[in-house]
Amino acid sequence: MKNDPHQLHMGYVWMICLVAACGGLLFGFDWVVVGGAKPFYEAYYSITDPATSGWAMSSALVGCVFGAMSAGWLADKFGRKTPLILSAFLFTASAVGIAFSTHFDIFIAFRIIGGLGIGIASAISPLYIAEVSPAEKRGRFVAINQLTIVIGVLAAQIVNLLIARPVETGATLIDIQQSWNGQLGWRWMFGAGVVPAVAFLVLMFLVPESPRWLVRAGKEQSARNMLARIGDQHYADATFTEIKTATTQAHADNQQVHLRSLLDKNVRPVLFIGMVIAVFQQWCGINVIFNYAQEIFASAGFDINSTLKSIVATGLINLIFTIIALPLVDKVGRRKLMLIGAGGLTVIYAAIATAYATGTMGLPVLLLVLAAIAVYALTLAPVTWVLLSEIFPARVRGLAMSVGTLALWVACFVLTYTFPLLNAGLGAAGSFLLYGVICAMGFVFIFRKIPETKGVSLEVLEQKMLSATVKSVPFETKKHSV
């Protein structure tokens, strides 16, 4: 490779990163399939009030919270690979259980089980990818996790569209309940998730363990062998030396990994940044569009059949701009993309709120929604996961990533559960205006607090982050060869 002092085996790196990122695909599928199935399972279970509707949508997030809480301990105790295998089992069980559920409580229980899988995979997949990726390619490879999430989202949207049968205009709740969609269609939508879940389970047995975890676990030869498969001997030796030095220093300082480690005066500011950007990625409001697309498009004048097609359009835009984002994460940088995302969404949400307030419905609202998704897919969606996977110190990385992901899912639960209530109280215009204000606040925080991290090895980045104690003016980074 040009300008590189070492040779990387990129085919192998792509393979293991894509397999690990399949956790993101299942996350995306499980997260969005519920949106397309919503009018049909709600009819089946006779759900009519906003609180119950919000609980049906957000119940999986309870599992996400507990999954994220356990992810750090699982990752530090058993490595990165075993928890991802566990998440594949949970995804499979959830898909089967929901497909055969006959009672609302059973439906909720299996949604929570699926949420456990999401919580574990969402924390560990990007962590694993960051730890196996060469520094100069890390942003691109971690962003692959977001790409697979988007592919899962689009797959769920297409599955929903293909499975759902046309709904007659003016169909009542009883009509939908007694239709094929209301009795069986939504079950097939959820059950389709078994296919990618089983594929992920099988493929995870083919990938190796993270070399950084292997070194900390005392399995140095296994770590050397793994690094030698990623690059040539020069790369393996140099990277192993960096990892070993950092690990030795942590042991010399008697830095045991426990919750108190996160309260260390040097770790606290970094953890705070991670939690804020995780919360902001959710409270920027985009997931409301995916989860409540039916209500949003219905309020803009679309019927159920048109809504399903519009939802697929959002998935296609999401995929296209996520693909565009992959090289930009390393070329443009994390900080600039985050600023573009926060600023762009602020403007777009103001326009959406204006459209609803003035009664400008139909195509203008659809175009603005697609613009918001494009900006999000290009910026906040991939970059948040990249930053979370790389900014934390090595000795607490698993635990800190777990806390950051926990913050993300708690924020997502609040967002998802409250939207029906906000929409009922503030209306669509007021809700989107609120999300616009949040995005403006996010822009200010990113401008003041987020450092640029592109092109730096995890070990060098750790020293920069800790020594800088996260000043208001982000430090400049230089490209590192390892």
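Helices in these legends are DSSP runs of H or I with at least four residues, and they are numbered from the N terminus. The structure shown is a predicted model.

**View 1**

**View 2. Confidence along the chain.** The average pLDDT of the protein is 82, and 86% of the residues score at least 70. Among the elements of the protein, the highest mean pLDDT, 94, belongs to helix α3 (residues 81-99), whereas the lowest, 64, belongs to helix α14 (residues 293-299). Over residues 469-482 the pLDDT stays under 50, and for this stretch the model has 50 contacts beyond four places in sequence.

View 3. The model holds 20 aromatic pairs. In one of them, the ring centres of F27 and W385 lie 6.5 Å apart with their planes at 80°, and since an angle over 60 degrees counts as edge-to-face, the pair F27 and W385 is edge-to-face. F27 belongs to helix α1 (residues 10-44) and W385 to helix α18 (residues 380-390), so that the pair links distant parts of the chain, 358 residues apart. F27 and W385 are both buried. A stacked arrangement is found for Y356 and F432, whose rings are 6.2 Å apart from centre to centre, with 5° between the planes. Because Y356 lies in helix α16 and F432 in helix α19 (residues 397-449), this pair ties together parts that are 76 residues apart in sequence. Y356 has a relative accessible area of 14% and is therefore buried, and F432, at a relative accessible area of 1%, is buried as well.

**View 4. An aromatic cluster and two charges over rings.** Ring pairs join Y41, Y44, Y45, F104, F107, W186 and F190 into a cluster. Over the ring of Y44, which is one of the cluster members, sits the charged end of R187, at 4.9 Å from the ring centre. In a further case, the charged end of R165 sits over the ring of W180, 4.1 Å from its centre.

**View 5. Helix α7 and its packing.** Helix α7 covers residues 180-191, and its 12 residues should span 16 Å at 1.5 Å a residue, which agrees with the 15 Å between its end C-alpha atoms. The buried residues in α7 are N181, G182, G185, W186, R187, M189 and F190. These buried residues pack against α1, α3, α4 (104-132), α5 (138-163) and α6 (173-178).

View 6. D30 is found in helix α1, and because its relative accessibility is 9%, which is under the 20% limit, D30 counts as buried. When its neighbours within four places in sequence are left aside, D30 is in contact with F91, S94, R111 and I118. With R111, the contact includes a polar one between the two side chains, at 3.4 Å. D30 and R111 are 81 residues apart along the chain, and their C-alpha atoms are separated by 8.9 Å.

Conventions
Residues numbered from 1 in each chain as written. Heavy atoms only, no water. pLDDT = per-residue confidence, 0-100. Helix = DSSP H or I, 4+ residues; strand = E, 2+ residues; numbered from the N terminus. Contact = heavy atoms within 4.5 Å. Phe/Tyr/Trp six-rings, centres within 6.5 Å; stacked < 30°, edge-to-face > 60°. Buried < 20%, exposed > 50% of the residue type's maximum accessible area, 1.4 Å probe, protein only. Lys NZ or Arg CZ within 6 Å of the ring centre and 35° of its normal. Polar contact = N/O pair within 3.5 Å; in protein donor to acceptor, adjacent residues only side chain to side chain. Expected span 1.5 Å × (residues − 1).
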